[in-house]
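Dear colleague,

Here is the structure I promised to hand over. My notes follow below it.

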Amino acid sequence: MAKRGNSIIKGLEIDEIIQVLNKAYADEWLAYYQYFIEAKVIKGIMKDAAIAELTQHATDELRHADMLAERILQLGGTPLLNPKDWFAHTNCGYEEPTNFDVVSILNDSIKGEQCAISTYSQLADMTRDKDIVTYDLVSEILADEVEHEEDLQALYDDITEFVTDIKSSLS
Ligand code: FE
Ligand code: FE
Ligand code: MG
């Protein structure tokens, strides 16, 4: 464990930081798998655009898991070692896709991103002025999650508008 590196943390217990980072780590693995499997099972119009977005987000969530694991180790902690623990520690849970329609899949994913934004915003508030390194890390991830929500919402709006246009042209 980095002694000087950790000595600069002020007003927060390192164990508490490790614990919240492990919760976020569980979220990222579940988000990764959710995007991975959504990109496989998705059906419906403009699904190719959705698959491209979901696949890109899966890559980002896995990168977030990697960033969190590195920081947990740096702090002297251990990233969750068993996938069973992901469900015990997650903040945002897992939206099992039950309806494979593109609109439903995008809806599930938007919910997940909104939860991620709330989580990282809380972590930024918790670490601001106390643990600069973790603060920078969670801020960087937060910016990605904001972009994810925006990308999915834009796609959702395009698809629902397209569907509305088709329906009105048929009536
Ligand atoms: Fe993420
Ligand atoms: Fe995300
Ligand atoms: Mg994107």
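**Metal site and other findings**

Glu 61 bridges two iron ions, ligand 1 and ligand 2, which lie 3.9 Å apart. Glu 28 sits in helix α2 (residues 14–41) and Glu 145 in helix α6 (residues 132–170), so this pair ties together parts 117 residues apart in sequence. Helices are DSSP runs of H or I, at least four residues, numbered from the N terminus.

This is a predicted model: local features need pLDDT of at least 70, side-chain atom pairs count only at pLDDT 80 or more, and totals for chains, interfaces and linings use all residues. Residues are numbered from 1 along each chain as its sequence is written, chains are lettered from A and ligands numbered from 1 in the order written, and side-chain values use heavy atoms, without hydrogens and water.

Donors are N, O and S atoms within 2.8 Å of the metal (3.2 Å for Na, K and Ca); water is not among the atoms, so sites may look incomplete.

Glu 28 is buried at 2% relative accessibility. Glu 145 is buried too, at 1%. Buried means under 20% relative accessible area, exposed over 50%, partly exposed in between (1.4 Å probe, protein chains only).

There is one disulfide. It joins Cys 92 and Cys 115, sulfur atoms 2.0 Å apart; the cut-off is within 2.5 Å. The link is left-handed, with -90 degrees about the S-S bond.

Best regards

Terms used
Helices (H or I, at least four residues) and strands (E, at least two) are DSSP runs, numbered from the N terminus.
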